[in-house]
Amino acid sequence: MATREELVDALAGFTLFGDLTRPQLTSVVHLMEEVLFAEGERVLRQGLTGSGFFVVLDGEASVVVDGTERAKLTRGDFFGEASILLGQPPIADVVALRPLQCLVLPGPQLEQFLINNPKVLYRMLQAQTRRLQSAQRFRS
Amino acid sequence: MGVSSRPFPPGAYPVVVIGSGPGGLQLSHALREVGIDHAVISQDPAPGGMFRRWPHFQRLLSWTKPHAPVERGTRAYERYDWNSLLTAKAAARALQPTFMDGSSYFPSRPEMEANLGAFAERAEVAVRYGCTWTGTRVEEDARGTSFVVETTDGAYRCRILVLAVGVAEPHVPDAPGIELAHHYGEVRPAESYADKRVFILGKQNSGFELASGLLPWARQIVLSSPSPTSLSVDTRSLVGVRARYLQPFEDHVLGGGVSVLDASIGSIERLPDGDLRVHLHRSDGAGELAIDADEVIAATGFTAPLLDLPELGCQVFGASRLPVQTPWWESATLPGVFFAGTLGQGARGLRKHGIPANSGAVHGARYNARVLAQRLAEERFGMGIHRPGIEPETLIEFLASEIAKAPELFHQRAYLTRVVTVDSTVGLKDDGVQPLAHALDAGGPDAIAVTLEADGSGAIYPVLYTRIAGAVNEHPLEPDPLLRYDTPEMRAALQGVVAPVLRASGISAT
């Protein structure tokens, strides 16, 4: 468990939130909810609607598609945004490999959150573009 | 054993329950109904828990409708009565409406306290009152882990410890001068704030409850927290400030003198003339604010009073320091310790569309308690719980009836589910009410799980989950604006979802 100040410090170190002022970071921490998943717990469920947007504060999670691990997520990574932006269920499970501490924003709040924080939107776009580029390299 | 005597002297018990609020009373009664011997201890002198003190301004947030479309005392009536505890005893069912005077469908605090006191008496929930939990030890022996619960009356030993002590420890944020504020828990009678400038730190229900109560008294009211106010009528859920506390917000938007700010606390200082000055950082980055006030109240929430359990390995999370739990309300890091009442919020469930379960309120926690008692009976005490078979031709009727009437599914949407298992040799079996997270994640035989859900659009609709050969699929059904789910159309939709599950096991429903 972390204090609000510690959470603000943590977010300030993540690229996604690196452009926000301290009062803006405080507001983000207040808006999002801190959650802790036990080892083995499912955070995101492939094919099921209604999930949220997660930012990993600590721990490690596995991205699993149809039972096969495709990636690992650690501190500073974020997930869940693609299914919310597309209005579709997640295409992967995310499972905590060890205790996983996250900040979570409910799916229905993500659009307004990004509109209110365009610098986070820009950083998210950068990250998605990098992921796309890396996937294209992998294919070619 | 009379409930007014001091039962449960220190000693060894299979289960020890701590707490005598609605969570502790409901769990104790549910344990008794399934036949699990246990002791209940409480530091309070009488039943009621937090409702012996709060809410300050005397009415609850959860309603009870004395006159409902269904008969009082039936299972279906529980949908309309959010405050009575559950029992098979007719004389102790649906007690809350019998204590209401018709002036509001939100019971007053004393009416709720009377309801809980009457339940403890009529359902014969025995509690050792005036017995304070002071510390805990974990001991290992050949049979496994046991807990030694130290109290002011002596030591209790048990293998299963259930905490129902509420989320009741005042929480104040770190800020220079915060000691000049007083917490929600220390608020005085409203008239003592007459003609004062009141600054309220926090914009959740407790902050707005205070502001509502102080509207006729305070000269000026300012509420502040870093993020914008969320309103339940906007989120179309119980997330956000409830409608009955909205008056200060309307006063704010109409310029009546109440101010609602999005700003974080910097510091509080006492000025030479005795006034308090609150320094704030505006969330929009537009700079600093300084507000002078006579009183600063921290309506900044509460934390779980878990005493020494975190040091023993019980991991906690979030602003309320809730224990991390399995879907069955057991500590994920200190097995053998379970949680009832509002502490059960730590078992978050799926939180689909951002909508939490109602485990923080009586109308959610009361069902969790019953499910937990049955789970303990089956898993820890090897006691058989009757799981009746269902004839295939009655399955649709069974599911339609649960969707239309089951209070567990209505109040704990996307959190509790009714599960029917499907087996080619045994047939169909009602596997009872379970946490949805367990039903989806634990695997198991082919099954159909039914629940109600909401997505924040205002609709409340049935959702079925099917599991065939381990693969889980979600089937949301069409919402009905009048919640009419006991209809031919619903039965046809159910038929379409369950038919493949039955077919996979070679079961015919005709």
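Residues are numbered from 1 along each chain as its sequence is written, and chains are lettered from A and ligands numbered from 1 in the order in which they are written. In this predicted model, local features need pLDDT of at least 70 and side-chain atom pairs count only at pLDDT 80 or more, while totals for chains, interfaces and linings use all residues.

**Exercise 1. The side of chain B that touches chain A**

Task: Find how many residues of each chain are in contact, then describe the chain B side.

Solution: 
- Step 1. Apply the contact rule: C-beta atoms, placed from the backbone, lie within 7 Å.
- Step 2. Count the residues. Chain B has 29 in contact with 27 of chain A.
- Step 3. Assign elements. Helices (H or I, at least four residues) and strands (E, at least two) are DSSP runs, numbered from the N terminus. Those giving two or more residues to the chain B side are β12 (276-282), β16 (316-317), α9 (436-441) and β24 (471-476) of chain B.
- Step 4. Sort by class. Ala, Val, Leu, Ile, Met, Phe, Trp, Tyr, Cys and Pro count as nonpolar, Asp, Glu, Lys and Arg as charged, and the others, Gly among them, as polar. The side of chain B that touches chain A has 12 polar, nine charged and eight nonpolar residues.

**Exercise 2. Domains of chain B**

Task: List the domains of chain B, then characterise the contact of domain 1 with domain 2.

Solution: 
- Step 1. Take the bounds, which come from an automatic or database domain assignment. Domain 1 is 15-168 + 303-312 + 333-344 + 363-379, domain 2 is 178-300, and domain 3 is 389-504.
- Step 2. The C-alpha centres of domain 1 and domain 2 of chain B are 32 Å apart.
- Step 3. Count the contact. Domain 1 of chain B gives five residues and domain 2 of chain B gives eight.
- Step 4. Classify the domain 1 side. Four residues are nonpolar, one is polar and none is charged.

**Exercise 3. Two helices of chain A**

Task: Describe how α1 (residues 4-12) and α2 (residues 22-31) of chain A cross.

Solution: 
- Step 1. Name the angle. Under 35 degrees is roughly parallel, over 145 roughly antiparallel, 65 to 115 roughly perpendicular and the rest oblique. So α1(A) is roughly perpendicular to α2(A).
- Step 2. A crossing is left-handed if the near helix is turned anticlockwise from the far one by less than a right angle, and right-handed if clockwise. The crossing of α1(A) and α2(A) is right-handed.
- Step 3. List the residues. A:Arg4, A:Leu7, A:Val8, A:Leu11 and A:Ala12 of α1(A) meet A:Arg22, A:Leu25, A:Thr26, A:Val28 and A:Val29 of α2(A). They divide into seven nonpolar, two charged and one polar.

**Exercise 4. Helix pairs in chain B**

Task: Treat α7 (residues 395-405) with α10 (residues 488-504) of chain B, then α1 (residues 22-34) of chain B with α6(B).

Solution: 
- Step 1. The axes of α7(B) and α10(B) come within 10 Å and cross at roughly 120 degrees. That makes α7(B) oblique to α10(B).
- Step 2. α7(B) passes α10(B) in a right-handed crossing.
- Step 3. Their contact has eight nonpolar, one polar and one charged residues.
- Step 4. The axes of α1(B) and α6(B) come within 8 Å and cross at roughly 35 degrees.
- Step 5. This crossing of α1(B) and α6(B) is right-handed too. By class, their contact has 11 nonpolar, three polar and three charged residues.

**Exercise 5. Loop residues of chain B**

Task: Locate B:Arg321, B:Arg351, B:Ser457 and B:Pro55, and note their features.

Solution: 
- Step 1. With C-beta atoms placed from the backbone, a residue is buried if 20 or more others lie within 10 Å of its own, exposed if 12 or fewer, and partly exposed in between.
- Step 2. B:Arg321 sits in the loop between β16 and β17 (322-323) of chain B. Its phi is positive, about 50 degrees, although it is not a glycine. B:Arg321 has 18 other C-beta atoms within 10 Å, so it is partly exposed.
- Step 3. B:Arg351 sits in the loop between β18 (337-339) and α6 (362-379) of chain B. B:Arg351 has a positive phi of about 50 degrees and is not a glycine. With 20 other C-beta atoms within 10 Å, B:Arg351 is buried.
- Step 4. B:Ser457 lies between β22 (447-454) and β23 (460-468) of chain B, in the loop. B:Ser457 is exposed, because it has 11 C-beta neighbours inside 10 Å.
- Step 5. B:Pro55 is in the loop between β2 (39-41) and α2 (109-122) of chain B. The peptide bond from B:Trp54 to B:Pro55 is cis, with omega near 5 degrees.

How values were computed: Two residues are in contact if their C-beta atoms, placed from the backbone, lie within 7 Å. Axes are lines fitted to C-alpha atoms, for helices over the stretch in contact, and angles run from 0 to 180 degrees between N-to-C directions.
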